[in-house]
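Trainee: I'm new to this one. Can we go through it together, a bit at a time?
Mentor: Fine. Ask as you go.

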Amino acid sequence: MEATLRHRALYKGTTPPWKETYRKRCVERLKSNRSRLLDKFRQVGESGSAGVCGSFLVQEVMEEEWKAMQLHSGSLPSLWRRGSFSQTFGVLQDPDELVTLEEIKQELLLEEQAMVEEIERIVQFEAACLDSVVGLNGNEVVCPVCNRNNLTVTSCFIVCQCGVYINCKSQGMNTEKLQALLEANLSAHASYCSEQPVFSVGLGAEGMSSMFMSCSVCDAVGIVL
């Protein structure tokens, strides 16, 4: 009890020494989990609900960072040593420290909200990209190179009036498989970049025509097929 009172008296009216370090590490961890947030956002689109207090990752980020700091420090506030971190906000052992944690939580919620808004734009953009390469009846694929004509897809080749010709005999190609490849590549790119990639045809490693997807903003280049 005396130790607790001394601890409160020591930091009363001042910023706890761990606040800035913990805050920075939480923000960095949250930003580094952008792809994870995108996955959770898509899951929510299916289930219709977010996580704790309407947040996707804030609770998890704060718990994970607390555990990481606790492993490397033996001088964390006593408030942090009471079981799981999720119980911390319900334990009023030290009001000053609780206020500090709540401030950090609110800052992270605002940061997450900004990330969610960006992800919403990415998801909308991704849907627009998919609409541009998939026909309305779902059985046609618009050429991603010219964005005008429907591709002719057989098990042996892919061809377009714009000049695209790709030999795909060894891949057993069909419309569904091509559509899935395009969707997978667009989704993967959208997980880290909001710019629209472009498609082109060129010679691959074996001297055969291949379809490439590239982005001038993030410098990503990949072979679609």
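Trainee: Is K177 buried, partly exposed or exposed?
Mentor: K177 is partly exposed, at a relative accessible area of 36%. Buried means under 20% relative accessible area and exposed over 50%, with partly exposed in between, using a 1.4 Å probe and protein chains only.

Trainee: Where does K177 lie?
Mentor: K177 is in helix α6, residues 175-190. Helices (H or I, at least four residues) and strands (E, at least two) are DSSP runs, numbered from the N terminus.

Trainee: And what does K177 touch?
Mentor: Leaving aside residues up to four places away in sequence, K177 touches Q171 and G172. A contact means heavy atoms within 4.5 Å. As for V153, 24 residues from K177 along the chain, the two C-alpha atoms are 10.0 Å apart.

Trainee: Before I go on, what kind of model is this?
Mentor: This is a predicted model, in which local features need pLDDT of at least 70 and side-chain atom pairs count only at pLDDT 80 or more, while totals for chains, interfaces and linings use all residues. Residues are numbered from 1 along each chain as its sequence is written, and side-chain values use heavy atoms, with hydrogens and water left out.

Trainee: What is the mean pLDDT?
Mentor: The mean for the protein is 75, and 71% of its residues reach 70 or more. pLDDT is the predictor's confidence in each residue, from 0 to 100.

Trainee: Where does pLDDT stay under 50?
Mentor: One such stretch is residues 1-11, for which the model has nine contacts beyond four places in sequence. Residues 78-83 are also below 50, and that stretch has 21 contacts in the model beyond near neighbours in sequence.

Trainee: New topic. How many salt bridges are there?
Mentor: A search of the whole structure gives eight. A salt bridge is a side-chain nitrogen of Lys or Arg within 4 Å of a carboxyl oxygen of Asp or Glu.

Trainee: Let's take R23. What is its salt-bridge partner?
Mentor: R23 pairs with E20, at 2.6 Å from N to O. Both are in helix α2, residues 19-32, three residues apart, or about one turn of the helix. R23 is buried at 19% relative accessible area, and E20 is partly exposed at 36%.

Trainee: Which residue does E65 meet in a salt bridge?
Mentor: E65 meets R25, at 2.4 Å from N to O. E65 lies in helix α4 (residues 58-72) and R25 in helix α2, so the pair ties together parts that are 40 residues apart in sequence. E65 is buried at 4% relative accessible area, whereas R25 is partly exposed at 30%.

Trainee: What about R36 and E64, which helices are they in?
Mentor: R36 is in helix α3 (residues 34-47) and E64 in helix α4, 28 residues apart, so to speak a link between distant parts of the chain. Their side chains form a salt bridge of 3.3 Å, N to O. R36 is partly exposed at 27% relative accessibility, and E64 is partly exposed at 27%. Salt bridges with shared partners join R25, R29, R36, E60, E64 and E65 into one network.

Trainee: Last one, the strands. In which sense do β4 and β5 pair?
Mentor: Strand β4 (residues 198-203) and strand β5 (residues 209-214) pair in the antiparallel sense over six bridges. Two strands pair if DSSP finds at least two bridges between them. V198 has S214 in β5 as its bridge partner.

Trainee: And what stands opposite S214 in β6?
Mentor: V221 does. β5 and β6 (residues 221-223) pair in the antiparallel sense over three bridges. Their hairpin has six residues between the strands, and D219 there takes a positive phi near 65°.
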